[in-house]
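Please open the structure in a viewer and keep the sequence beside it.

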Amino acid sequence: MELLQSTRNGMGMPLVGFGTFQLSKDQAEYGVKEALKAGFRHIDSSEAYGNEDGTGNGIKTSGISRDEIFVTTKLFPGSTFLGTPDKNYKQTIETLKNQLKELQLDYVDLYLIHAPLSELRLEQWNAFIELKKLGLAKHIGVSNYNKGTIQEILDAGLPKPEANQVEFHPISAQVELTKYMKENSIAPIAYSSLAPLSTWRVAEGQGGEVLAEIKAESQLVTKEIATKLNVPEAKLLLRWGLQHGYGVLTRSSKPERIRENLNLFDFKIPEKEMERLNQLDQNKAIAWAASGINPMDAVPPLKVN
């Protein structure tokens with residue numbers, strides 16, 4: 001059976017990662033430790049998640065050598081819209097240093113600007129370039145950036161992001177952005193791959209009920225194809241992302257589900273079924289809907305020095 005040629009991308013990042021969004025400190029510690037035990041070697045965290053200390057504990061107590069683990073984390077850039085001050089160059093540098101203390105690491109493998117919500121995003125990107133020179137981040141990239149905000153970096157004559165982590169699933173297929181990233185050799189990473197499912201973020205306060213009404217057709221098609229291929233629906237959606245060239249992130253607190261979501265390389269979605277899933281695209285973001293913003297659209301103008 002023809003499968004993906006590699007389980008890692010050009011940065012050496014494992015294409016299947018374990019995410020820690022909406023996990024408490026204790027849940028992050030347990031989940032990360034279990035994920036690494038199950039075979040995951042890519043852990044995804046963020047300053048904004050408030051659980052990097054737990055994530056770090058999970059990594060430290062896992063017994064897995066640091067050089068075997070690819071760790072991604074993110075800078076929350078600040079946002080006038082959200083009522084938090086923008087981080088300047090110096091504050092960006094200090095933020096990663098503080099995050100490394102929380103994570104109990106000497107460096108991260110990939111550091112991302114969480115979203116283009118700050119007027120100082122080019123200043124922050126310059127700080128990222130310095131962080132890479134200092135060896136505190138092996139690779140640098142962005143998240144929730146669209147073509148325009150990536151192009152700002154290129155137009156400023158700065159090194160391009162090595163990766164862009166965006167919401168990506170059949171309802172939000174990012175067709176033009178995906179093409180643009182491929183043309184510019186920017187590695188695509190998907191989050192919220194399971195957003196179309198009725199079981200996504202169902203706990204109180206997680207926001208999964210927002211925009212639930214737009215998912216009906218997607219759920220019918222996903223269930224039908226998953227049944228035909230004899231795989232869980234979650235596994236189908238994650239594999240769909242992989243076959244589009246994306247790295248994917250999964251999250252669970254159940255050891256059996258953690259193991260199941262890692263094993264995405266034992267089947268392939270046929271071209272006909274891939275196209276059926278592709279046709280579900282509504283170009284509609286779901287993941288941030290409960291917060292009332294789409295981070296790819298809520299972009300303030302750059303501050304002019």
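The tour passes from strands to a loop residue and then to pairs of helices.

This is a predicted model, in which local features need pLDDT of at least 70 and side-chain atom pairs count only at pLDDT 80 or more, while totals for chains, interfaces and linings use all residues. Residues are numbered from 1 along each chain as its sequence is written, and side-chain values use heavy atoms, with hydrogens and water left out.

Helices (H or I, at least four residues) and strands (E, at least two) are DSSP runs, numbered from the N terminus. Select residues 137–143, which form strand β5. Six of the seven residues of β5 are buried; buried means under 20% relative accessible area, exposed over 50%, and partly exposed in between, with a 1.4 Å probe and protein chains only. Two strands pair if DSSP finds at least two bridges between them. Leu 112 has Gly 141 in β5 as its bridge partner. Between β4 and β5 the chain passes through helix α4 (residues 121–133), in a right-handed β-α-β crossover. Right-handed here means that, with the strands pointing away from the viewer, the path from the first strand over the helix to the second runs clockwise.

**Second stop: strand β6**

Is strand β6 at residues 163–167 buried or exposed? Five of its five residues are buried, so β6 is largely enclosed by the rest of the structure. On one side, two bridges join β6 to β5, and these strands run parallel; here Asn 164 stands opposite Val 142.

Now select strand β7, residues 187–191, which is parallel to β6 and linked to it by five bridges. Pro 188 in β7 is the bridge partner of Asn 164. A right-handed β-α-β unit is made by β6, helix α6 (residues 175–183) and β7.

Select Ser 193, in the loop between β7 and α7 (216–229). Its relative accessibility is 3%, so Ser 193 counts as buried. Not counting residues up to four places away in sequence, Ser 193 touches Phe 168, His 169, Leu 237, Leu 238 and Val 248, where contact means heavy atoms within 4.5 Å.

Display helix α8 (residues 233–243) with helix α10 (residues 271–278): they pack at an angle of about 100°, with their axes 11 Å apart. Axes are lines fitted to C-alpha atoms, for helices over the stretch in contact, and angles run from 0 to 180 degrees between N-to-C directions. That angle makes α8 roughly perpendicular to α10; angles under 35 degrees count as roughly parallel, over 145 as roughly antiparallel, 65 to 115 as roughly perpendicular and the rest as oblique. To view the contact, select Leu 236, Trp 240 and Gln 243 in α8, which meet Met 274, Leu 277 and Asn 278 in α10.
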